[in-house]
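Open the model in your viewer and keep the selection tool at hand. Each stop tells you what to pick and what is there.

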Amino acid sequence: MVVRKAAGTLTKQEKSIVKALLQKGWRNQDIQALLNIHRKATVNSARITETKNDPTIKQASNDEVEFFIKRKNSYDQRTGLNTYDDERLIRAREAMILAVQTYNHPGLLFKAEVFSILANIGWTYLLHEYYQRKKHPIIGTDGHSLLLSQMLRRPDCPLSQGIKNNLEDLKKIRDETEHLLLGRSDYKFFSIFQACFLNFDKTICTFFGYKL
């Protein structure tokens, strides 16, 4: 017996986009291909025809259509991240990648300082995205986004105590770089930085998918 997946349905916005694309002369199969980019429940051609024959659906504006197409074409096929929908995760990954690249660069001496700062930024973006998706506010009463240290102290913080301890150590290093010259401390902190990166890699994959 062949098990068939249920076809996806169109949102009100998507229907208005379809209506506008049909008006612009797009073919049904081209509209279907656009809609199904990075879509879990794919849309079949019948949905396009239904929208075409429904006179109650108003077509989207040119600006709405242009942004819809731009957004659909902004997925990273390797990670599945969208530059508009997943900006924090993209920034989190890039911050940590830059931290590691800087630390591993043979011609740079500003390693411990830069790693601790960029890694802190990466973890902050990661936890902001986690709480945002959980519908928890990430903007404090002072109008500023939550600091990493504040999120680590929350009773609902999803990180293990070991990861929290590592990030507390990282914060101390970061704070010291603002006031002191650390000299050649890069290798002294190597184990802290390595644990930080590996913890980050595991956490972002656990929370948001292993394609990351």
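Start by selecting Arg88: at 25% relative accessibility, Arg88 counts as partly exposed (buried is under 20% relative accessible area, exposed over 50%, partly exposed in between; 1.4 Å probe, protein chains only). This is a predicted model, numbered from 1 along each chain as its sequence is written, and side-chain values use heavy atoms, without hydrogens and water. Local features need pLDDT of at least 70 and side-chain atom pairs pLDDT 80 or more, while totals for chains, interfaces and linings use all residues.

Arg88 sits in helix 5 and Glu129 in helix 6 (residues 111-133), 41 residues apart. Helices here are DSSP runs (H or I, at least four residues), numbered from the N terminus. Glu129 is buried, at 5% relative accessible area.

Together with Arg88 and Glu129, they are linked in a network of salt bridges.

Next, pick Asp85 and Arg71. Their side chains form a salt bridge at 2.8 Å, N to O. Asp85 is partly exposed, at 32% relative accessibility.

Last, go to Thr51 in helix 3 (residues 45-52). Is Thr51 buried or exposed? At 2% relative accessibility, Thr51 is buried. Its side chain reaches the backbone oxygen of Arg47 at 2.9 Å.

Terms used. Helices (H or I, at least four residues) and strands (E, at least two) are DSSP runs, numbered from the N terminus. A polar contact is a pair of N or O atoms within 3.5 Å; within protein, one must be able to donate a hydrogen and the other to accept it, and residues adjacent in sequence count only if both atoms are side-chain atoms. A salt bridge is a side-chain nitrogen of Lys or Arg within 4 Å of a carboxyl oxygen of Asp or Glu.
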